[in-house]
Amino acid sequence: NPPARAALLTQLLQRPGWLHRYETQVFKLDPQQTQQRASLIADLAGRGMRLECEDVRSLVERMVMQGAAQPAAALWRAQCPSPQGKGGLLWDGALAAVNFSGPAVSFKWLPEQSGDVGLSAVADGVEITSTAAFTAPALRQFVAVPAGRYRLTWRDDDGKSPRLLPTWGCTPDGGTGLVPQAVGGGRWQADVAVDGGCRGHWLRFMVRTGEGPVRLGDVALVPLR
């Protein structure tokens, strides 16, 4: 009902006292209701009204669960812009807001749960240490992009041999390893083909064993023409 929708949008723009409940009480919504609510929340961003990342988290996760990963990614980026504006199609390419605590959010970097791998925030990314005797997972992010070809780039400060190895797959704990290619200055790249066969994909960084910590930063995913 367009008139009713316009009236509701006008109310939301005034930040009523029930706005927080409208944003977060979404767990009983069916897919159509979820889409309608997400459309209104996205329109708020278009009208210059920015909500907190935490406020839209529940709605975004509901959309992902219902199979609307790409609209969820669009809503997340509209209401919760990527810190420092880096990353291309990835959120937080500078790794300035890694989800070290609090509820998991699909489109944020999530540290892997491992007693052998430690992560800590540094000025230009994250520092990763590993005492594992094998290549171990370090962190991951859910990615929702259309079918096509993409290029992943990142910085690995461990010299000429990459210690950080990306994988790409339909599940958070699986995936195919991507082959890093050196591009100079401690930067690496790998091309990714997306066929649209998954609701969304997981980008995961594994860390090889080695002496001392390694830093990951300047991660970006961009489409190839």
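How many salt bridges does the structure hold? The structure holds eleven of them, a salt bridge being a side-chain nitrogen of Lys or Arg within 4 Å of a carboxyl oxygen of Asp or Glu.

## About the model

This is a predicted model, in which local features need pLDDT of at least 70 and side-chain atom pairs count only at pLDDT 80 or more, while totals for chains, interfaces and linings use all residues. Residues are numbered from 1 along each chain as its sequence is written, and side-chain values use heavy atoms, with hydrogens and water left out.

## Overall form

The protein contains five helices and eleven strands, where helices (H or I, at least four residues) and strands (E, at least two) are DSSP runs numbered from the N terminus. Its radius of gyration is 19 Å, close to the 17 Å that the globule rule gives for 225 residues, so the protein is as compact as a globular protein of that length. The radius is taken over C-alpha atoms, and the globule rule is 2.2 Å times the number of residues to the power 0.38. Along its principal axes, the C-alpha trace spans about 60 × 35 × 30 Å.

Of the 225 residues, 47% count as buried, which here means under 20% relative accessible area, whereas exposed means over 50% and partly exposed lies in between (1.4 Å probe, protein chains only). The protein exposes about 11,100 Å², of which carbon and sulfur atoms supply 51%; such areas come from the Shrake-Rupley method with a 1.4 Å probe, and for residues only the protein chains shown count as cover. Among the contacts with a separation of 6 or more, 70% come from residues 24 or more positions apart, a contact meaning heavy atoms within 4.5 Å.

## Charges and salt bridges

The protein has 24 positive and 20 negative side chains, and the centres of the two sets lie 6 Å apart. In this count Lys and Arg are positive and Asp and Glu negative, while His and the chain ends are not counted; the place of a charge is taken as NZ of Lys, CZ of Arg, CG of Asp or CD of Glu.

One of the salt bridges joins Asp-124 to Arg-155, with the closest N and O atoms 3.4 Å apart. Asp-124 lies in the loop between strand S2 (117-122) and strand S3 (125-130) and Arg-155 in strand S5 (residues 148-156), so this pair ties together parts that are 31 residues apart in sequence. Asp-124 is partly exposed, with a relative accessible area of 34%, whereas Arg-155 is buried, at 14%. Arg-155 also meets Asp-218 in a salt bridge of 2.9 Å, N to O, and this second pair links strand S5 with strand S11 (residues 214-223), the two residues being 63 residues apart. Asp-218 is partly exposed, at 29%. Through salt bridges that share partners, Asp-124, Glu-127, Arg-155, Arg-187, Arg-215 and Asp-218 are joined into one network.

Another salt bridge pairs Asp-191 with Arg-151, their closest N and O atoms being 2.7 Å apart. Asp-191 lies in strand S9 (residues 187-194) and Arg-151 in strand S5, so the pair ties together parts that are 40 residues apart in sequence. Both residues are partly exposed, Asp-191 at 31% relative accessibility and Arg-151 at 26%.

## A buried charge and its surroundings

Glu-23 is found in helix H2 (residues 19-24). This residue is buried yet has no salt bridge, and the nearest side chain of opposite charge, that of Arg-15, is 5.9 Å away. Leaving aside neighbours within four places in sequence, Glu-23 is in contact with Ile-41, Leu-51, Asp-55 and Leu-59. Arg-15 itself has its place in the loop between helix H1 (2-13) and H2, and counts as partly exposed at 47% relative accessibility.

## Backbone angles and a loop

Most residues other than glycine have a negative phi. Arg-15, however, has a positive phi near 50°, and Leu-95 has a positive phi of about 55° although it is not a glycine. Leu-95 is placed in the loop between helix H5 (69-79) and strand S1 (110-111), and at 3% relative accessibility it counts as buried.

Ala-94 lies in the loop between H5 and S1 and is buried, with a relative accessible area of 9%. Not counting residues up to four places away in sequence, Ala-94 touches Gln-84, Lys-86, Asp-124 and Gly-125. The C-alpha atoms of Ala-94 and Gly-46, 48 residues apart along the chain, are separated by 25 Å.
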